Amino acid sequence: MPQVLATPTPAEIAGALTRRILGQEEAVREISVALSKHLAGLRVGNILMIGSSGTGKTTLMRAVEGYLASDPVLATRSAVVRIHANVLGEEAERGRPGEAVLGRLLDRAREQLGPAAPVDMLLRRAASGLVFVDEVDKIRSHVGGQANVAGIRAQEALLTLIENEAVPVNLPAWAGGGAVVVNSADILFVCAGAFEGLYDAVFDRVTIGKDRGALQPVTVVEGGKVAEKLVFRLRDWLRNEDLFDYGMSPQFLSRFDAVVLLQDLGQDELVRIFLETPESAFHQSRSYFESRGIHLAISPNAVRRIATEAGRQPRLGARALKEVFRRVIRDYEFDPDKSVTGGALLIDLPEVEAVLGKA
Ligand SMILES: Nc1ncnc2c1ncn2[C@@H]1O[C@H](COP(=O)(O)OP(=O)(O)O)[C@@H](O)[C@H]1O
Ligand SMILES: [Mg+2]
């Protein structure tokens with residue numbers, strides 16, 4: 001049945017999310033559509049996000065949490081929890097991790113609706129919640145040829161919750177204890193992981209492995225010269241079997257309607273993330289200087305040099321910006337008044353090159 005209450009459209013949701021997450025249009029659109037349907041009370045397919053470290057997976061999850069929390073009406077439409085998959089693995093070692101996930105949703109619902117809310121109302125809210133499972137690649141079934149028991153159990157535990165209409169649950173003491181059966185089929189799961197090594201594994205499969213020769217070199221013109229080159233993009237070649245081989249069970253994977261690949265960030269995106277996102281190293285440092293009555297400014301050339309340096313550590317993604325900027329700014333932060341003129345500190349290219357060298 002269509003909901004009478006107005007539900008934000010995917011475009012509205014995406015507009016709000018893109019204040020915190022830059023680029024990654026495909027992932028933002030996918031999540032926005034899913035969330036819009038979920039908030040309307042419709043059943044939605046679960047989503048698996050795959051993207052290199054530092055490309056914004058956790059940021060996107062937090063942006064959704066922030067978006068829902070920012071509006072009191074939205075906040076009451078869905079209980080949201082974000083869980084680190086490793087924690088699920090630990091809980092799986094001790095017993096009933098599926099129940100632990102529902103328990104968290106129940107706690108969240110209680111925070112939202114207050115301790116006086118009846119238990120069945122809380123259960124209903126929990127049973128239509130949104131669960132983010134971060135670092136889901138940590139619950140792969142094997143690591144380096146060894147079985148990963150915690151991972152296997154955690155995948156099984158999630159299976160007991162995903163699309164299950166009758167999950168037996170022991171209620172927590174505050175809810176009076178006792179056993180109930182919960183229909184968790186309406187919970188939306190969004191899982192994300194870097195799946196380190198997946199890129200290389202798929203590349204190997206299509207070049208030297210099982211599907212040797214599948215990836216053919218293409219002719220490119222580079223600097224006026226004609227050359228043969230292998231152009232590999234994970235999204236062109238990734239198949240479910242690659243994820244099975246990685247250690248995600250077929251049953252587990254079959255519960256996801258969409259697999260979304262995040263993009264590696266280019267120089268332009270790194271520049272924008274550095275300058276525009278509220279939690280960037282630059283803004284943090286700026287607040288620090290502001291607290292000392294100093295205005296921190298940085299020139300476009302200086303920012304580009306920092307982004308170039310960060311781009312040299314592709315494994316860190318945007319995280320490298322923090323590490324690089326810290327090297328540039330730390331002496332100024334130690335002695336804030338040192339290079340200030342007229343209440344302002346300007347970081348220009350020479351200041352950056354003095355630390356990082358020339359590009
Ligand atoms: N697409 C992005 N948009 C905005 N900030 C990003 C993006 N990708 C990474 N960042 C920034 O880089 C840092 C690491 O991002 P995070 O989302 O934790 O990466 P991961 O994909 O490994 O979960 C965060 O400080 C975040 O602000
Ligand atoms: Mg992360």
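How many Å separate an oxygen atom of ligand 1 from an N or O atom in the side chain of Thr59? The distance is 2.5 Å, a polar contact (a pair of N or O atoms within 3.5 Å; within protein, one must be able to donate a hydrogen and the other to accept it, and residues adjacent in sequence count only if both atoms are side-chain atoms).

This is a predicted model: local features need pLDDT of at least 70, side-chain atom pairs count only at pLDDT 80 or more, and totals for chains, interfaces and linings use all residues. Residues are numbered from 1 along each chain as its sequence is written, chains are lettered from A and ligands numbered from 1 in the order written, and side-chain values use heavy atoms, with hydrogens and water left out.

Stay with the ligand. A polar side-chain atom of Lys57 lies 2.8 Å from an oxygen atom of ligand 1. The backbone takes part too: a polar backbone atom of Leu22 is 2.8 Å from a nitrogen atom of the ligand. Alone, ligand 1 exposes 550 Å², and the protein buries 92% of that (accessible areas by the Shrake-Rupley method with a 1.4 Å probe).

Now the shell. There are 19 residues around ligand 1, each with a heavy atom within 4 Å of it. Leu22, Gly54, Lys57, Thr59 and Lys322 come nearest. The shell divides into five nonpolar, nine polar and five charged residues; Ala, Val, Leu, Ile, Met, Phe, Trp, Tyr, Cys and Pro count as nonpolar, Asp, Glu, Lys and Arg as charged, and the others, Gly among them, as polar. Helices H3 (57-70) and H16 (319-334) each supply at least two of its residues. H3 gives the most, with three. Helices here are DSSP runs (H or I, at least four residues), numbered from the N terminus.

Step back to the domains. The domain assignment gives domain 1 (10-197 + 239-261) and domain 2 (267-356), with bounds from an automatic or database source. Both give residues to the shell, so ligand 1 lies between them. Their centres, taken over C-alpha atoms, are 35 Å apart.

Eight residues of domain 1 are in contact with 12 of domain 2 (heavy atoms within 4.5 Å). The two domains bury about 810 Å² between them, 44% of it on carbon and sulfur atoms. Leu22, Ser53 and Gly54 supply 59% of the area that domain 1 buries against domain 2, more than any other three residues. Buried area is the accessible area (1.4 Å probe) that two parts lose on being put together, summed over both.
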